[in-house]
Amino acid sequence: MAYPFGDIEKKWQEYWSEHKTFRAENNSAKPKFYALDMFPYPSGAGLHVGHPLGYIASDIVSRYKRLKGFNVLHPMGYDSFGLPAEQYAIQTGQHPEKTTKENIARYREQMDKIGFSFDWTREVQTSDPNYYKWTQWIFLKLFNSWYNPETDKAELIQNLIQKFSSQNSKVKIGEAEKFWNECSEKEKSDVLMNYRLAYLSEAWVNWCPQLGTVLANEEVKDGVSERGGYPVERKLMPQWSLRITAYANRLLNDLEKIDWSESIKESQRNWIGRSEGSSLKFQIPDSKFQIEVFTTRPDTVFGVTFITLAPESELVSRLTTPENKKAVDEYVHYAKNRSERERQSDVKKVTGQFTGAYAIHPFTGEKLPIWIGDYVLAGYGTGAVMGVPAHDTRDFAFAKHFGLPIIQVVQPPVNSSPNGGGQEGASCFDGKEGKCLNSDLLNGLEVKDAIKKIISEIEKRGLGKGKTQFRLRDAIFGRQRYWGEPIPIYYEKGIPKVIEEKHLPLELPQVDKYLPTETGEPPLARAADWYYHPNGGVTSPPLRGGDRGGVGGALELTTMPGWAGSSWYYLRYMVQDVKHIKPEDDKAFADKNSINYWRDVDLYIGGAEHATGHLLYVRFWTKFLFDLGLIPVIEPAKKLINQGMIQGRSMLLFRYIFVEAEKKSSIVSDLNKHLEAQGDSPYSPDDIRAEFSNGHLCHVNAIHVFENVNYRCSSVTPIHIPIEYVDDKNRLFRNKLLELQKREAFYKESVYENKISWSKDEVGNEFFLLTDEVEKMSKSKRNVVTPDDICKNFGADTLRLYEMFLGPLEQSKPWNTNGISGVFGFLNKFWRLFMSPSGGGQGGGQDERFSVSNEEPTKPELKTLHKTIKKIQDDIEHYSFNTSVSAFMICTNELTELKCNKRAILEPLVILLSPFAPHIAEELWNKLGHKESISFAPFPVYNESHTIDDSYAYPVSFNGKMRFNIELSLSLTPAEIEKEVLAFDQTKKYLEGKQPKKVIVVPKKIVNIVV
């Protein structure tokens, strides 16, 4: 009889909820362990079986650590602000809060069914005003702070103001300079924006008109938005940003202090992109303008043959000559509509435009043409590069395309291989080695020595200075959306000011639509009462355009990005019973004692796709809060694991569109020409007919003969069939297709039916044989498997074990529901270890009863148990959960063969299994007589002595032919072994009264008797 998983799982899930079994205590005497999952965005589709993979892994470790005596914090929440809910709201008119709450309820229901040991009293939702009050509070701290390069940390902006005031410092106001104490309030505000960590400025952004919002670089792919595939253009607009670049060096160096995967670290290193080099100024003749570049190869300065500006550079309009203006304007329009990612990655496409202007080479005095090219980015460096085509691949491609001079100034070392050939002017060598030539004062110097010398010369002549540059750009923070945290800023006489902390949270206002206004303003501009007064908080605008006595003003219309709330959520989880905290008692994002106790995350599990987004921002916010003395750590998580993806198995049916061929033609001639061009073997008519009959993809332009008429296949479209309609042999039967066509109109025209398209099974049922393909599991591909179905049919413990059994945690692997029966069978076999038929003894009859023995275990039983203890402990410590499941199966098989039902063996085994399959473990633990949850039982202690063999089963051979085994002590000498073997009854049987000529004994190997 199968174990009753349905009743058991419901029983223990209710028990855990009622008793708050997994509630973590702040400031416990126990050592702490903080396990964190990257919290989900609650979409309407709910969880599929790929989502819980990381949660199961973190749950296994959390339960294991509790068994090891740790006070475990394992929380869960929801990243509940986001564009999908807003897009749905735009389509339906329904407030995004409503759909978000419904989706959260669905996620919670699914997660409860899987039996996670989350402390739900600490649940957070980033869209909850009680939560985003503190996100806004942190923003205010960022706004009121600056980064002091002398102390290398963030400090209050008031310190900088005091310094400017006491010294009456000269500050830049546009192109001019002015003493601080003579500046107006607006001028002071503008100056401070150049220092604040949260600041407002004109910035080039990725603007998506259809979505009505700014997108981060990682949200744009191939010139379109990642969500929706809408065109994205570059646009200059006022934008809130965070000065993450101030932390670039620390973000880079501190990677060495954390146990994260090397691939994640390398992604962040590349994104931060530290470069050592020099700035260098090129004068524009007969002008006050200079072009400043940053270069990592100042040693190649004598190879400069042109200058390239970013299309967005403000110098473009100032330097372009009248005769080139039209062409330049057209190119700027073209370039601004390409995303930065596209411009960086598209190395094959060379575009540019000459401005008509020239710059003076600072060392040779030669005139250098000034071009614009979209491979130069306004936000990186100075937005200008010096073109050294002989020693930079993109400069080389640019020069070759536009016929610009190429001057070699570095002689490559012997055996090096330049890009594109080897002749001067026809190749590019970009290696940072070799000797300088054609370079005046640098001739004969090795590259490394030349770099030092030329930087010294540049600084000596006042042309620039040695510096460190980063690829990392400041984080665009404002979004022209509704469903996000309002930015707590208002504008008084054009000056941005912070709202009072006592008025937090600044909650989202009601609006009639969630779209931008007709004039292009963000959705918050639709709010009727969106004005702020320092004394009263949010209010309606004053009548007749007044400003209520000179204070107050219109509130900011943009909201924060989705990553704002996720940049500090690990800290909010430290608040005890955060779900029920009263606003009047909510005095900090987390109290200091709790922060000092939990400190940082011990294990963080989540997807690798967040490498340069969330993970970089959360590190930035952590360092900032540390600088202000609000937290005691400089990194959020000690260890990070990126779980692999569970992929779906898509089932594809191909839709054929046929048109009658214009001329009669052989079925094979046109197709075989196509195949030969592809390097494939030719087809016979029978091959093509078989290909068709099986429903497989027919080559485009294939000629198909049907009823003596030639048809040409003009197009083939893959159609995703829901996996629940397909059998385990990849067959879609006609009746299932008809059912699908009734259910969804989309499928009605999806299949070209004729008598040759269908196959028949042994009883005549017609079917298509579908093609399967491993892809990302998603609703659009109709390959989603929900955990609900698995829990219903096999139980949550089976799901948990099977997801771990699929393969190593960090690898991607395809889902195959057919394999789950093996894991389900194992749990049933494990259950039967504790059961006996009502008549006694071990078995699997219908009338089973719980039965364990208190007898002393045998050596083989102890050996099986303790080798399993060691294996499971080692595996969990090394996150090798798939091999743990195998170890449980081996152990269960061995104990079944030994007919073991002894408490001394089974009780510790239940504890071992409990992190992986907690429901069945709780039930068996309870049946073993324990009243408390198994969650806090002590983890079994491994005893090596039980796994060391003290005997050996010697194979005994006669004249080289093995006849039987005999178990003998390993302590026996060869002479004693020979004596024992010869005295054995079976030996006498095979000797048949004869005396052996010789007995060969190899200790721990064999015994061979020569007769």
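## Contacts around Trp-621

Contact means that heavy atoms lie within 4.5 Å. By that rule, and leaving out residues up to four places away in sequence, Trp-621 touches Thr-135, Ile-138, Leu-142, Leu-242, Phe-477, Trp-563, Ala-564, Ser-567 and Trp-568.

The model is predicted, so local features need pLDDT of at least 70 and side-chain atom pairs count only at pLDDT 80 or more, while totals for chains, interfaces and linings use all residues. Residues are numbered from 1 along each chain as its sequence is written, and side-chain values use heavy atoms, with hydrogens and water left out.

## The nonpolar cores

A nonpolar core is a set of buried Ala, Val, Leu, Ile, Met, Phe, Trp, Tyr and Cys residues joined through side-chain atoms within 4.5 Å. Buried means under 20% relative accessible area (1.4 Å probe, protein chains only).

The largest core has 172 residues, and Met-111, Phe-477, Trp-621, Trp-815 and Phe-830 touch the most other members. Helix 5 (residues 129-143) gives this core its largest share, 9 residues. A second, separate core holds 38 residues, including Ile-307, Leu-309, Val-328 and Val-447.

Helices (H or I, at least four residues) and strands (E, at least two) are DSSP runs, numbered from the N terminus.

## A buried serine

Where is Ser-851 placed? Look in the loop between strand 38 (848-850) and helix 25. Ser-851 is buried, with a relative accessible area of 17%. Not counting residues up to four places away in sequence, Ser-851 touches Phe-834, Met-835, Ser-836 and Asn-901.

Definitions and conventions
Buried < 20%, exposed > 50% of the residue type's maximum accessible area, 1.4 Å probe, protein only.
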